[in-house]
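Here is a structure to read with care, term by term.

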Amino acid sequence: MSDLAAAKQILKKVFGFADFRPGQEEIVGAILSGAPVLAVMPTGSGKSLCYQLPALLGDGLTLVVSPLIALMRDQVGQMCALGVPAATLNSQTSEEEAAKIWRDIRAGALKLLYVSPERLALDGLTEALSHARVSRVAVDEAHCICEWGHDFRPEYRLIRESVEKIGAVQAIAFTATADSAMRAEIAERLFASPPKVFVHSFDRPNIALKFAAKDQPRKQLLRFLSARRGQSGIVYCASRAGTERLAEFFAGQSFETIVYHAGLDQARRNANQDRFLREDGVIAFATIAFGMGVNKPDVRFVAHADMPSSIESYYQEIGRAGRDGLPAETLTLYGLEDMALRRRQIDEKDLGDERRRFEHQRLSALGALCEAAACRRQILLGHFNEQAPPCGACDFCRGEILVRDGAIEAQKALSAVYRTGQRFGLNYLSDLLTGADNEALRRNGHDALKTFGVGADRTKQDWASTFRQLFAAGALRTASAEHGGFALTEKGEAILRGREGFMLRDDPPREKAPRQTSKTARDAAAAGARETTPGENQIFEALRKLRREIARDEGVAAYLVFADRTLLEMAERRPATLDALRGIYGVGERKIALYGEPFLEAIAQASD
Ligand code: ADP
Ligand code: ZN
């Protein structure tokens, strides 16, 4: 049997998956051929499997270098749930545990060993490993080796030397974020010879993108979360205080909530994260400190209460939703204040001119995505140099965003900026356009301008939105660091003089309060927003209950027993025998042995 055929058998038997996901087969094939490999695949696309599966073929040990203890623990937990012998050596491993691990290694009983880069850099460890049968070293989150990247970890620079000390083993590396410059840096710093490079699409078709201007953020979030009660999700906030405030508010609305930010002590952080991972339907209110170690496959939504810091971080953060491939949703709230704050932060930072320009560009790209009057996915993928047809799933494609020719409005707004000397902000200018009775306007004599009241046919909010869009599109910039006033950019001039057009997004009228949904409907929605028959719902409910009980008894996360997708398939196909159960997503031999009977029984009972 060829290596790849054997790999496919293990895929089915151990992992319970019928097929490789796109990209996995080529990568696994290259790894099995012994080549050095660098694979760039988006979060949730199944990177881990690419090194876990080859580890089960042949009898050597696969070393996995990973930057976070939580990540390692999570993966070891997943492997053990599948019956794969795996362990982790890190700063929290006791001597006793370490001794057992070494016994297992010497006996050739361990397949996967997860180590932190600090640990690997210790001479004792490399020395001991050089006498063990290590077949390859897999480096996870390989972008941590890049100095300019957002997650630079100096210890990553030591990996290559450690690999050489261990012996002539194969090096393979994985990351979700690496542009071509970073890929070159990884290839050079991590590998002794040029690796085979695989770059997989950044598209995550199951994640629907939605943006809204921040208007009444609590209400907007409440609407979004109410429609998704019972689902697991993350709400990212820009500040620690923001996470606390929102979590408290939503706990008061009977949502299950946890808080996560770097200001909490370690024990509290771990406990909160554990609760999020283990239980169904918990919402994490978190700063960006939350996420890297979060491998929960059934996160159904990610919301941003404040604008993310860049497209890259936006992409990483929403990428934590829908790892199981089932539909997941996002909502990003953005405000002019967010954008102005970020601009000021960049201006105040001690950066060289070139870097500053670069950071401003990055921010503008994000602003353009937020204010886009086009398919969000196309814009997002375009940012990563990928082309795609309109997605059909984002707010724009679903027709929730209307655009029209806005050249006239844009010119009125820009001329208001120009005629008042390019130093006033949103409120002042909107008052000017609507001809409002404003003391400051009168004092400055601006009520005598031609522009005064020229936009009285629209509301102040309409004008505020127009200014936001012009700002996001790069037609306006902040006039100075201290004040929120606007000045025209080159693009703004071009629009004002009629050399360039402008499409205006018509914000939809405010939605009404959320519709009440029944509990079963909500749970079905929680499981992936697909249509189900009443009988199916009942079975799904029963299976979820069983899963909860088992998870509690065994003290493991619910998804480690079975994934949502697995329960959904069971409810739909109602297998009656262990063999039929084998055909279901995520059901491998170990899960059959452990849980097969009770689940069959539950299906039979609930089907009556
Ligand atoms: P990444 O490391 O790329 O972020 P993971 O390795 O965590 O992604 O995989 C995401 C999810 O996809 C996991 O729940 C995993 O079990 C699942 N998965 C991986 N490979 C397959 C496959 N071939 N078929 C079905 N599901 C898969
Ligand atoms: Zn779209």
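Q: Where is Ser254 found?
A: Ser254 is found in the loop between helix 11 (240-252) and strand 11 (257-260), where helices (H or I, at least four residues) and strands (E, at least two) are DSSP runs numbered from the N terminus. This is a predicted model, in which local features need pLDDT of at least 70 and side-chain atom pairs count only at pLDDT 80 or more, while totals for chains, interfaces and linings use all residues. Residues are numbered from 1 along each chain as its sequence is written, chains are lettered from A and ligands numbered from 1 in the order in which they are written, and side-chain values use heavy atoms, with hydrogens and water left out.

Q: Why is Ser254 called exposed?
A: Buried means under 20% relative accessible area, exposed means over 50%, and partly exposed is in between, with a 1.4 Å probe and protein chains only. Ser254 has a relative accessibility of 59%, so it counts as exposed.

Q: What is the phi of Ser254, a residue that is not a glycine?
A: Ser254 has a positive phi of about 55 degrees. Most residues other than glycine have a negative phi. Gln422 likewise has a positive phi, near 55 degrees, and is a residue other than glycine; its place is in the loop between helix 17 (407-419) and helix 18 (426-434).

Q: What makes Gln422 partly exposed?
A: The relative accessible area of Gln422 is 23%, so the residue is partly exposed.

Q: Why is the pair of Phe250 and Phe255 called edge-to-face?
A: Rings of Phe, Tyr and Trp (its six-membered ring) pair if their centres lie within 6.5 Å; planes under 30 degrees apart count as stacked, over 60 as edge-to-face and the rest as tilted. The structure holds 16 aromatic pairs. For Phe250 and Phe255 the ring centres are 5.6 Å apart and the planes stand at 75 degrees, so this pair is edge-to-face. Phe250, with a relative accessible area of 0%, is buried, and Phe255, at 7%, counts as buried too. Phe249, Phe250, Phe255 and Phe285 form one aromatic cluster.

Q: How do you know that Phe562 and Phe599 form an aromatic pair, and of which kind?
A: The rings of Phe562 and Phe599 are 4.9 Å apart, centre to centre, with 85 degrees between the planes, and the pair is edge-to-face. The pair links distant parts of the chain, 37 residues apart, with Phe562 in the loop between helix 24 (558-561) and helix 25 (564-573) and Phe599 in helix 27 (residues 589-607). Phe562 is buried at a relative accessible area of 2%, and Phe599 is buried at 0%.

Q: How much of the accessible area of ligand 1 does the protein cover?
A: The protein covers 86% of the 570 Å² of accessible area that ligand 1 has on its own, with areas from the Shrake-Rupley method and a 1.4 Å probe.

Q: Which residues around ligand 1 come nearest?
A: Of the 16 residues around ligand 1, Asp19, Gly44, Lys47, Ser48 and Arg323 come nearest, a residue being near if one of its heavy atoms lies within 4 Å.
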